[in-house]
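Here is a short note on charged side chains and how they pair. Please keep the structure open as you read.

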Amino acid sequence: MNDKGKARSLGQWGEALVVEDLRGRGWRIAAKNFRCRMGEIDIIAEDGTYLVFVEVKLRKDNRFGSAREAVTTAKQRKLRITAELYLSMHPTGLQPRFDVAEIYAPEGIRTQKPDICYIENAF
């Protein structure tokens, strides 16, 4: 598997961890990897009050900065536009919110207990 394939596999693993965590909290997963020409939203979930657009960021460690720092202003703009399209296609009446899930996995997929830091209302 090439580096791009490994990164994609690692990203899917991280997203699956977050989905499992959210379901454990009683949230309903409305969509995963919603794509349009403007961007992609990793996870869209409902907690009863909010329709939550979740950006998942996975890193080995925070030596070069926190994972959340990768959600730049430009990335936030793309996420908002993509969320607007999703909402126009799937109106729910729920209040939208943007969260970020940071995952730190020093051994990648082999990490036994990855650290998940979940940031509600991140931007």
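1. Start with Glu55. This model is predicted. In it, Glu55 has a relative accessible area of 3%. Buried means under 20%, so Glu55 counts as buried.

2. Which residues share salt bridges with one another here? Glu55, Lys57 and Lys75 do, and the shared partners make them one network. Take its links in turn.

3. The link between Glu55 and Lys57 is a salt bridge between their side chains, at 3.3 Å from N to O. Is Lys57 buried or exposed? Lys57 is buried, and Glu55 is too.

4. Glu55 also meets Lys75. Their side chains form a salt bridge at 3.7 Å, N to O. Lys75 sits in helix α2, residues 73-89, while Glu55 sits in strand β3, residues 50-59. The two are 20 residues apart in sequence, so this pair ties together separate parts of the chain.

5. Now look at another pair. The side chains of Arg35 and Glu40 meet in a salt bridge, with 3.7 Å from N to O. Arg35 has 58% relative accessibility, so Arg35 counts as exposed. Glu40 has 22%, so Glu40 counts as partly exposed.

6. How many salt bridges does the structure hold? The count is nine. Those discussed above are among them: Arg35 with Glu40, Glu55 with Lys57, and Lys75 with Glu55.

Key:
Residues are numbered from 1 along each chain as its sequence is written. This is a predicted model: local features need pLDDT of at least 70, side-chain atom pairs count only at pLDDT 80 or more; totals for chains, interfaces and linings use all residues. Side-chain values use heavy atoms; hydrogens and water are left out. A salt bridge is a side-chain nitrogen of Lys or Arg within 4 Å of a carboxyl oxygen of Asp or Glu. Buried means under 20% relative accessible area, exposed over 50%, partly exposed in between (1.4 Å probe, protein chains only). Helices (H or I, at least four residues) and strands (E, at least two) are DSSP runs, numbered from the N terminus.
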